[in-house]
Amino acid sequence: MTQKSSSIPQLKILLTGDTFGKTSFLNRFTKDAFDSNVMATIGAYFTSKTILCDDYDVKLEIWDTTGQERVDTLASLY
């Protein structure tokens, strides 16, 4: 059973950290796909996925950020 309201709660998730793994995790979670030749993220990449949590739909807005030192600057923007 899903919620009756037309307004779906949204959560923003920001993936940060060292290079390697964030984009692959994001693709696996949102698209159920894995690409061993994924390109490095430059700046930030955004995608979303709606999940069912305790009988409620919740929209996840997921941001994949660069693994470089610039992430601190990007994190404050998102």
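How many salt bridges does the structure hold? In this predicted model there is one salt bridge. It joins the side chains of Asp-32 and Arg-28, with an N to O distance of 3.5 Å. Asp-32 is exposed, at a relative accessible area of 58%, because exposed residues are those over 50%. Arg-28 has 48% relative accessibility and counts as partly exposed.

Helix α1 covers residues 22-31 and contains Thr-30. A polar atom of the Thr-30 side chain lies 2.8 Å from the backbone oxygen of Leu-26. Setting aside residues up to four places away in sequence, Thr-30 touches Thr-47, Lys-49 and Ile-62.

Two of these contacts of Thr-30, Thr-47 and Lys-49, fall within strand β2, residues 44-53. Ile-62, also touched by Thr-30, falls within strand β3, residues 56-65. Of the ten residues of β3, eight are buried, so the strand is largely enclosed by the rest of the structure.

Strand β3 pairs with both β1 and β2, as set out below.

| Strand paired with β3 | Sense | Bridges |
|---|---|---|
| β1 (residues 10-15) | parallel | six bridges |
| β2 (residues 44-53) | antiparallel | ten bridges |

Single residue pairs can be located in these pairings. Gln-10 stands opposite Lys-59 in β3. Phe-46 has Trp-63 of β3 as its bridge partner.

Which residue of the β2 and β3 hairpin takes a positive phi? The residue is Asp-54, with phi near 50 degrees, in a hairpin that has two residues between its strands.

Terms used:
Residues are numbered from 1 along each chain as its sequence is written. This is a predicted model: local features need pLDDT of at least 70, side-chain atom pairs count only at pLDDT 80 or more; totals for chains, interfaces and linings use all residues. Side-chain values use heavy atoms; hydrogens and water are left out. Helices (H or I, at least four residues) and strands (E, at least two) are DSSP runs, numbered from the N terminus. A polar contact is a pair of N or O atoms within 3.5 Å; within protein, one must be able to donate a hydrogen and the other to accept it, and residues adjacent in sequence count only if both atoms are side-chain atoms. Contact means heavy atoms within 4.5 Å. A salt bridge is a side-chain nitrogen of Lys or Arg within 4 Å of a carboxyl oxygen of Asp or Glu. Buried means under 20% relative accessible area, exposed over 50%, partly exposed in between (1.4 Å probe, protein chains only). Two strands pair if DSSP finds at least two bridges between them.
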